[in-house]
Amino acid sequence: MPKKKESTASTSAIRALARQHDFLTPVSSRYPLEVTAAQGVWLTNSRGERVLDLYGGHAVAALGYAHPAWTAALAEQAAGCQFQSNAVAMRVRARAARRLVRFSRLPFGSVFLVNSGAEANENALKVALRASGRPHVAAIEGAFHGRTAAAGAVTWGAREKWYGFPRTPFEVSFIPRADLAAIAAQVTRDTAAVIVEPVQGLAGAVDLGAPFLAALRARCDEVGALLIFDEVQCGMGRTGEPFAANLYGVRPDMLTTAKALGNGFPCAALLMSPQVAASLKPESLGTTFGGGPMACAAMLAVLAAIKEQRLLERVRRMGAYIRRTCIVGPVTAHQGAGLLVGLRTTRPASEIQAELLECGILAGTASDPHILRLLPPFILEEEHVDMLSGALRDLA
Ligand SMILES: Cc1ncc(COP(=O)(O)O)c(C=O)c1O
């Protein structure tokens with residue numbers, strides 16, 4: 001009998017917990033929105049209403065939702081062979097790597113396929129530290145690179161807010177944004193790598209600009225450090241070019257990308273120059289799921305759609321249209337590049353975000369409290385932007 005009582009008590013405790021948290025560890029703040037379906041740029045909420053998605057699940061849904069070719073590619077791969085590890089050759093994997101390098105229009109020699117942005121950055125940093133034998137990495141104020149030990153170590157403010165590890169695995173210093181004069185002091189012959197988001201995402205679509213990025217490249221060359229572009233958020237066409245490296249004409253030694261790469265199927269990539277790849281041996285890096293055939297099929301579908309639907313051109317056109325028409329109501333200025341847009345607001349952006357959601361429009365915020373961040377699917381059209389500008393105009 002006591003046993004039964006105990007189990008009843010624990011069952012009701014679990015039910016109470018479930019009511020509070022639905023069993024998901026309560027670590028994310030949530031929008032007042034439950035999505036039950038999605039199509040194109042539209043989400044359907046649990047009340048059956050349509051919501052215009054200008055946030056794309058943190059910059060992921062580049063092709064929008066239920067894209068027919070992407071959906072078919074995943075179904076076909078699932079029916080063909082859903083998984084083999086990197087120990088087994090698969091054409092779909094080789095094709096995805098080759099097409100990604102070609103898409104980049106940058107002189108990369110190889111790709112290491114992984115699962116998430118943080119994992120791509122973790123590996124890029126490891127490669128740089130190992131190849132150079134140096135103890136230090138420089139990052140940029142405001143940067144976000146992920147939540148793992150190395151990626152978190154180079155994330156601005158992580159140690160104060162959530163880092164959790166007792167110490168960082170290497171020495172880290174941060175360069176003030178756009179401060180060209182500060183670069184030389186922070187990037188020295190002890191520096192293995194500089195890691196930078198060319199357009200900072202979470203910070204609020206902060207475009208670091210060609211002069212700053214070129215100065216980082218020059219200083220890395222001077223002291224023999226590697227330059228890593230984190231294009232997890234700003235890459236894969238989001239700036240209107242394949243990568244921000246193309247937009248600014250600055251070549252990194254390594255480039256990481258994720259998010260839009262799989263359009264929602266988890267995948268990420270670390271692209272590297274032939275010189276960097278030459279420092280690696282078998283077993284230097286590894287992963288079970290990275291480069292799985294489903295992920296590769298998703299990547300190939302994304303790359304094909306970007307080309308066939310001329311989405312880079314669309315990103316440039318829609319990015320310009322947003323900047324031309326949405327500086328209205330509480331929005332006073334814009335920043336960022338392409339469809340990584342930061343709209344500066346007179347009131348806290350979280351208030352504007354909540355009011356837009358009431359009007360059926362989902363937008364994001366940023367660590368800058370006065371930036372409303374837009375990361376819409378690349379298939380966006382003028383009429384969707386007109387809905388946003390109309391709604392903003394009605395807000396005080
Ligand atoms: C620029 C940048 N780097 C890295 C990451 C981490 O990516 P993931 O969440 O896939 O680990 C993010 C995620 O938001 C990001 O925006």
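**Close-up views of a predicted model**

**View 1. Strand 13 and strand 14.** Within the pair, Gly336 stands opposite Val341 of strand 14. The two strands form a hairpin with 2 residues between them. Gly338 lies in the turn and has a positive phi of about 55°.

**View 2. Strand 14 and strand 16.** Strand 14 (residues 340-345) also pairs with strand 16 (residues 371-374), in the antiparallel sense and over 4 bridges. Gly342 has Arg373 of strand 16 as its bridge partner. Strand 14 is mostly covered, with 5 of its 6 residues buried.

View 3. Helix 3 covers residues 68-80, which is 13 residues. At 1.5 Å a residue, helix 3 should span 18 Å, and this agrees with its end C-alpha atoms, which are 18 Å apart. Trp70, Ala73, Leu74 and Gln77 are the buried residues of helix 3. They cover an arc of only 95° around the axis, and therefore sit on the same side of helix 3. An α-helix has 3.6 residues a turn, so residues three or four places apart point the same way. The buried residues pack against helix 4 (91-104) and helix 12 (293-308). On the other side of helix 3, the exposed residues are Pro68, Glu76 and Ala79.

View 4. The residues around the ligand are Ser116, Gly117, Ala118, Asn121, Phe144, His145, Gly146, Glu197, Asp230, Val232, Gln233 and Lys259. Gln233 places a polar side-chain atom 2.9 Å from an oxygen atom of the ligand. A polar side-chain atom of Lys259 likewise lies 2.9 Å from an oxygen atom of the ligand.

View 5. Arg147 is found in the loop between strand 5 (136-140) and helix 6 (149-153). Its relative accessible area is 52%; the cut-off for exposed is over 50%, so Arg147 counts as exposed. Leaving aside neighbours within four places in sequence, Arg147 is in contact with Ala118 and Trp162. Ala118 is also one of the residues around the ligand. Tyr163 is 16 residues from Arg147 in sequence, and the two are 7.3 Å apart in space, C-alpha to C-alpha.

Technical notes: Residues are numbered from 1 along each chain as its sequence is written. This is a predicted model: local features need pLDDT of at least 70, side-chain atom pairs count only at pLDDT 80 or more; totals for chains, interfaces and linings use all residues. Side-chain values use heavy atoms; hydrogens and water are left out. The expected span of a helix is 1.5 Å times one less than its number of residues. Buried means under 20% relative accessible area, exposed over 50%, partly exposed in between (1.4 Å probe, protein chains only). The arc is that of the directions from the helix axis to the C-beta atoms. Contact means heavy atoms within 4.5 Å. Two strands pair if DSSP finds at least two bridges between them. A residue is near a molecule or strand if one of its heavy atoms lies within 4 Å of it. A polar contact is a pair of N or O atoms within 3.5 Å; within protein, one must be able to donate a hydrogen and the other to accept it, and residues adjacent in sequence count only if both atoms are side-chain atoms.
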